[in-house]
Amino acid sequence: MAIAKAERLMNLALCLLGTRRPLSKRELRGSIEAYLEAGSDDSFNRMFERDKDDLRELGLVIETVENLDGDTGYLARRDSNRLPPITLDAEEAAALGLAAKVWQQARLAGAASGALQKLRAAGMPETEDAYEVHSALEPRIPVHEAAFEPLMLACRDRRPVTFDYRKANSARAEQRQVEPWTLECWRGHWYLAGWDRERGAERVFRLSRITGKVRSRAGAFNAEVPDVVTVRETVESWAGETATRTARIRLRAGAGYPLRSRAITVRERGGGWDELEIPYGHGLDAWLVEFGPDVVVEEPADLRADVVDRLRAVAKD
């Protein structure tokens, strides 16, 4: 059975790499013997979707293209699947080895390990892993959101997605249609940057506010994908990283440690409250709302008004 599946995956990969135009499911079924032997359309569809996901997990970049007649086609361009010459030195190889240890989820850990094996097979030098033997610290990036993995794959494969999203000032989720660009981790939270089709603008979404399943959609992106630096700057700006002034807040003693880590000054106010001066940038109002009754904004007045408006909107819903 393992040999049969490996042969089927190889045949599918050769078909996708050998075509100059997108091939539909019907064409692929007629070209691969194992698919012809599938008992029903449902059986073939399940087999094809599993095989396609397996090839993507192995590193094959498969594009999904909508043809003029409305059918969905698939192809794997050779230029997108060609590994350039490996010219890493020992220090660069060590850095990649350390980066591979960051991910803790089983699927990501397997992908990182597989990537290292491919690089070593292509000529990347072997290095002694000093971190494994001599260090008591291990780098980790926590990922608890179920939306992370499907969004990561959608960013990699340039596939539009839909999901239900609950804004900070609303108790109800709304469906969003997004062309995902990249995922960024900022202060322990993951954010998705992409193009919101309905709003016709660039948007950033916090993964913890995505409810339900992330669903992929066929077709290509409509908006141009900016370079990585621009996207990262947008994520930082929307998450409140870019501060242009400061705000003064009262914070309940023993609460709000993420806010305390950003504070410029902290002093006791008495009665179980502390006064903090923190950087004030875009998105701070949405962040403060999450701390509920443990935070009171004293100044500036516009930030206080924004926080009150968000709390009223949540209470109304």
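Modeller: A residue is buried under 20% relative accessible area, exposed over 50%, and partly exposed in between (1.4 Å probe, protein chains only). The model is predicted: local features need pLDDT of at least 70, side-chain atom pairs count only at pLDDT 80 or more, and totals for chains, interfaces and linings use all residues. Numbering starts from 1 along each chain as its sequence is written, and side-chain values use heavy atoms, leaving out hydrogens and water.

Biologist: Is His282 buried, partly exposed or exposed?

Modeller: His282 belongs to the loop between strand 11 (273–281) and helix 11 (284–289); helices (H or I, at least four residues) and strands (E, at least two) are DSSP runs, numbered from the N terminus. The relative accessibility of His282 is 44%.

Biologist: How far apart in space are the C-alpha atoms of His282 and Ala243?

Modeller: Along the sequence, 39 residues separate His282 from Ala243. In space, their C-alpha to C-alpha distance is 7.3 Å.

Biologist: How many helices and strands does the chain have, and what percentage of its residues is buried?

Modeller: DSSP runs in this chain give 12 helices and 12 strands. The chain holds 317 residues, and the share that counts as buried is 36%.

Biologist: Is Thr19 buried or exposed?

Modeller: Thr19 sits in the loop between helix 1 (2–18) and strand 1 (23–24). Leaving aside residues up to four places away in sequence, Thr19 touches Tyr74 and Leu75, where contact means heavy atoms within 4.5 Å. The relative accessible area of Thr19 is 17%, therefore Thr19 is buried.

Biologist: Which residues does Tyr35 touch, not counting residues up to four places away in sequence?

Modeller: Tyr35 is one of the core residues that touch the most other members. With residues up to four places away in sequence left out, Tyr35 touches Arg8, Leu12, Leu28, Arg29, Phe44, Met47, Phe48 and Asp51.

Biologist: Which residue of strand 7 is the bridge partner of Leu192?

Modeller: An open sheet of 5 antiparallel strands has the order 7-6-5-4-8; two strands pair if DSSP finds at least two bridges between them. Strand 7 (201–206) and strand 8 (210–216) are the edge strands, each pairing on one side only. Strand 6 (residues 189–196) joins strand 7 over 6 bridges in the antiparallel sense. In strand 7, Leu192 is partnered by Phe205.

Biologist: What is the phi of Arg158?

Modeller: Arg158 lies in the loop between helix 8 (148–157) and strand 4 (161–166). With 39% relative accessibility, Arg158 counts as partly exposed. Most residues other than glycine have a negative phi. Arg158 is not a glycine, yet its phi is positive, at about 55 degrees.

Biologist: Is the peptide bond from Glu299 to Pro300 cis or trans?

Modeller: Pro300 is placed in the loop between strand 12 (295–299) and helix 12 (301–316). Most peptide bonds are trans. The bond from Glu299 to Pro300, with omega near 5 degrees, is cis.

Definitions and conventions: A nonpolar core is a set of buried Ala, Val, Leu, Ile, Met, Phe, Trp, Tyr and Cys residues joined through side-chain atoms within 4.5 Å.
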